Amino acid sequence: FNIFNLVDTALKGDLGYTYKILTGLRAEGVEPGALIWALSREIRQLAAMKLLIETGQSTQQAMRQYRVWNNRQQITGSALKRSSSNQLNNLIQKLALADQMMKGMAPGNTWDQLEQISLSLAGAKLPC
């Protein structure tokens with residue numbers, strides 16, 4: 001398993017495999033900071049593209065502006081259709097909290113937070 005597989009699987013909307021990869025990464029001892037970085041990068045880009053789409057640009061135009069590779073356009077488009085701006089912004093806030101948890105600046109379990117974020121990105125409807 002690797003971090004980029006996790007992100008791609010979540011973008012595809014595959015809840016089961018997203019969970020399997022995440023638990024595998026945790027068992028392998030992957031640093032949560034690397035996951036926070038990868039998820040943050042992807043979710044921030046999705047949020048920016050979603051804003052462009054909501055202001056009238058097509059999904060293709062938004063993906064072109066953010067230079068989404070051809071081989072990632074289908075999964076990125078799927079995630080954009082599944083997500084709202086509010087959901088994406090909420091995930092960005094949850095990533096910031098996960099970062100604080102990892103650094104001992106906030107209570108909670110970083111891996112539990114990453115699980116919620118990853119599954120939400122994959123399309124799970126989880127409580128806030």
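Helices here are DSSP runs (H or I, at least four residues), numbered from the N terminus.

Welcome to this predicted model, in which local features need pLDDT of at least 70, side-chain atom pairs count only at pLDDT 80 or more, and totals for chains, interfaces and linings use all residues. Residues are numbered from 1 along each chain as its sequence is written, and side-chain values use heavy atoms, with hydrogens and water left out.

| Place | Residue | Value |

Several residues of α7 are buried, including Trp 111, Leu 114 and Ile 117; buried means under 20% relative accessible area, with a 1.4 Å probe and protein chains only. Among the elements covering the buried residues of α7 are α1 (3-12) and α6 (85-102).

Helix α3 packs against α7 at an angle of about 30°, with the axes 11 Å apart; axes are lines fitted to C-alpha atoms over the stretch in contact, and angles run from 0 to 180 degrees between N-to-C directions. The two helices, α3 and α7, are therefore roughly parallel (angles under 35 degrees). The contact (heavy atoms within 4.5 Å) involves, among others, Leu 39 and Ile 43 of α3 and Leu 114 and Ser 118 of α7.

Conventions: Buried < 20%, exposed > 50% of the residue type's maximum accessible area, 1.4 Å probe, protein only. Parallel < 35°, antiparallel > 145°, perpendicular 65-115°, else oblique.
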